Amino acid sequence: MSIRIVLAYERCLFAEALARILDGVPDFDVAGIAGQRHEVLPVARRKNATVLVLGESLLDEAGKAESFALRMRRELPMCGIAAILPTGDGSDPAGLPRHDGIRFVPADGKLPHLVDAIREIEGSRLAGTRATCQVPRRTRCLGAREQEVLRSTMSGASVKEMSKELFLAPGTVRNLASSAIGKLGARNRFDAARIALEQGLL
């Protein structure tokens, strides 16, 4: 299964070049690019990203470099974060703690540093997902398409709007919503979206 990557970079030329390079790595799939801060969350959710690469220009000022990465991690609990930071030591910047699901990569490091970080993040994410799915609970893990439908539901989209956004027939959207409702024991798709969010399934 491919690692679905979303790049978040203000420098369009650099982002497009990096996207082409990463897209050529086996098992990597660059699903989208976000050029502004306000675009990062909706693009990552819409593209169902499993790893979000944050460029240094989108992070906070010096001394708070990790805060935007942490916020994205909270908003996207099923998505790992690779945060590229301006530093010259070739490792995690001094003073920045390691966070679960987040890896810091120096901007002046080598490309393999970023590739390795993405693979490490995805490996940890999959291990955590398997552990979560093995815990006895009244819900079963949601499929990728079911998650997309519930995310769109959270945005207030109608079935017709979701059909256009997700390139699915309206009947398929309804079937996916019904499947998710059944798995989560919800009353309707809005209740299913709430439950899935609370249980960290979105």
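User: Which residues are buried in helix 6?

Analyst: This is a predicted model. In helix 6, which spans residues 159–166, the buried residues are Val159, Met162, Ser163 and Leu166.

User: Where do they fall, seen down the axis of helix 6?

Analyst: The buried residues of helix 6 fall within an arc of 105 degrees, so they line one face of the helix.

User: Why would residues three or four places apart point the same way?

Analyst: Because an α-helix has 3.6 residues a turn.

User: OK, and which residues are exposed on the other side of helix 6?

Analyst: Two lysines, Lys160 and Lys164, are exposed there.

User: What covers the buried residues of helix 6?

Analyst: The cover includes helix 5 (144–154), helix 7 (170–184) and helix 8 (189–198).

User: What follows helix 6?

Analyst: Phenylalanine 167 follows helix 6, and the phi of this phenylalanine is positive, near 60 degrees.

User: Zooming out. How many helices and strands in the protein chain?

Analyst: The chain has 8 helices and 5 strands. Along the sequence the pattern reads β-α-β-α-β-α-β-β-α-α-α-α-α.

User: What share of the residues counts as buried?

Analyst: Of the 202 residues in the protein chain, 47% are buried.

User: And the contacts, what fraction joins residues at least 24 apart?

Analyst: That fraction is 61%, taken among contacts between residues at least 6 apart in sequence.

User: Which residues line the largest cavity?

Analyst: The lining is made up of Ala44, Arg45, Asn48, Ala49, Leu76, Pro77, Met78, Cys79, Arg151 and Leu202.

User: How do those divide into nonpolar, polar and charged?

Analyst: The lining of the largest cavity has 7 nonpolar residues, 1 polar and 2 charged.

User: Cys79 is in that lining. Is cysteine 79 buried or exposed?

Analyst: Cysteine 79 counts as buried because its relative accessibility is 3%, and the cut-off for buried is under 20%.

User: What about cysteine 12, what is its relative accessible area?

Analyst: Cysteine 12 has a relative accessible area of 47%, so this cysteine is partly exposed.

User: How many disulfides does the count come to?

Analyst: The count comes to 0 disulfides. The rule asks for a pair of cysteine sulfur atoms within 2.5 Å.

Technical notes. Residues are numbered from 1 along each chain as its sequence is written. This is a predicted model: local features need pLDDT of at least 70, side-chain atom pairs count only at pLDDT 80 or more; totals for chains, interfaces and linings use all residues. Side-chain values use heavy atoms; hydrogens and water are left out. On a 1 Å grid over the protein atoms alone, a cavity is a set of points where a 1.4 Å probe fits but cannot get out, and a pocket is an open set with protein on both sides within 12 Å along at least five of seven lines; lining residues have an atom within 4 Å of a point. Ala, Val, Leu, Ile, Met, Phe, Trp, Tyr, Cys and Pro count as nonpolar, Asp, Glu, Lys and Arg as charged, and the others, Gly among them, as polar. Buried means under 20% relative accessible area, exposed over 50%, partly exposed in between (1.4 Å probe, protein chains only). Helices (H or I, at least four residues) and strands (E, at least two) are DSSP runs, numbered from the N terminus. The arc is that of the directions from the helix axis to the C-beta atoms. Contact means heavy atoms within 4.5 Å.
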